[in-house]
Amino acid sequence: MFSIGEFAQHGRVSVRMLRHYDAIGLLRPACVDPATGYRSYQATQLAQLNRIIALKDLGFTLQQVQEIMAEQVSAAELRGMLRLRRAEIQSRIDAETSRLARVEARLATIEDEARVPADGVVIKGLAPVRVAELAGVAGGYQPEAITSVIQPLYCDLWQRMASARVTAAGPAMAYYEDAPASDGAIVVHAAVPVANGANGADGADGDHGFAVVDLAAVDSAAAVIHHGSMDAVLPAVQALARWIDASGCRAAGYAREVTLEWSPDPDQWVTELQQPIYASGG
């Protein structure tokens, strides 16, 4: 038998915590001296304590821990809970990391908003291109809304192209348009250039599971290179907008985003933003 202090030491918890667990009926001492009120514990109770602490650290309330302990949770069940909770925590970390990147991008834009970019923007024509694509609807232009839609689209598109033996003829691109009859929603297009007529990719989409679309040539587009995750694209987008406005031009239709370099690490991405334009007097 161990005193409450000794049991706390072996269990790596506080005496105060053990007293609280006793008070709420979560972990009773093996015996209590009726004369002194001293609590004593057995070594076998460490297993129960370990489960309580593990469940508590997984984010369960003490009431939930009591309910789970009443079901005599096994080590295998605890391992399954741990995997699930780990996935949930990682998802929150990823979401918060992306949110911080967007805040950083917005701050960089605020700090840079008085400057009209003179370097890095080029005017170029865009050749017509045939693309295989899948489309989905996002709630708006916010990076988090687009990312959750476009990433699964690209994964699905690459798989379908491989199954149809259709090879890419250029870097992947994305473009957007307003969704019909919606309040701010947009249609997200995940596209990959394909050769005209290659492997049956001749404009029919019934047999491939994806659409094949011809994007028209663009006489004039303002283009700028963005380095890094698209969560941090805002400064480049707004710098390009300021350049277009200061140059006396106007946007003509929807912009395209062409992935020049892709890596498993989004910070290594290189993307060209292409905004079709025309002179304001034209």
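Colleague: Which residue forms a salt bridge with Asp156?

Modeller: Arg160 does, with the closest N and O atoms 3.0 Å apart. A salt bridge here is a side-chain nitrogen of Lys or Arg within 4 Å of a carboxyl oxygen of Asp or Glu. Before we go on: this is a predicted model, where local features need pLDDT of at least 70, side-chain atom pairs count only at pLDDT 80 or more, and totals for chains, interfaces and linings use all residues. Residues are numbered from 1 along each chain as its sequence is written, and side-chain values use heavy atoms, with hydrogens and water left out.

Colleague: OK. Where do Asp156 and Arg160 lie?

Modeller: Both sit in helix α6, four residues apart, about one turn of the helix. Helices (H or I, at least four residues) and strands (E, at least two) are DSSP runs, numbered from the N terminus.

Colleague: Is Asp156 buried or partly exposed?

Modeller: Asp156 is partly exposed, with a relative accessible area of 27%, and Arg160 is partly exposed too, at 31%. Buried means under 20% relative accessible area, exposed over 50%, and partly exposed in between (1.4 Å probe, protein chains only).

Colleague: How many salt bridges does the structure hold?

Modeller: Six. Another one joins Arg39 to Asp22, with the closest N and O atoms 2.7 Å apart. Arg39 lies in strand β3 and Asp22 in helix α2 (residues 15–23), so this pair ties together parts that are 17 residues apart in sequence. Arg39 is partly exposed, at 24% relative accessible area, while Asp22 is buried, at 10%.

Colleague: Which pair links distant parts of the chain, 84 residues apart?

Modeller: That's Asp214 in strand β8 (residues 211–215) and Arg130 in strand β5. Their side chains meet in a salt bridge (2.7 Å, N to O). Arg130 is buried, with a relative accessible area of 17%.

Colleague: Switching topic: in what order do the strands of the open sheet come?

Modeller: Three strands form it, in the order β1-β3-β2, and the pairing is antiparallel. The edge strands, β1 (2–3) and β2 (31–32), each pair on one side only. Two strands pair if DSSP finds at least two bridges between them. β1 and β3 (residues 39–41) have two bridges, and Ser3 has Ser40 in β3 as its bridge partner.

Colleague: And the inside? Which residues touch the most other members of the largest nonpolar core?

Modeller: Ile150, Leu157, Met161, Tyr176, Val188 and Phe210, out of 21 residues in that core. A nonpolar core is a set of buried Ala, Val, Leu, Ile, Met, Phe, Trp, Tyr and Cys residues joined through side-chain atoms within 4.5 Å. The elements giving two or more residues to it are β5 (129–138), α6 (143–163), β6 (173–178) and β7 (186–193). Helix α6 gives the most, with seven residues. There's also a second, separate core of 19 residues, including Ala8, Leu58, Phe60 and Ile68.
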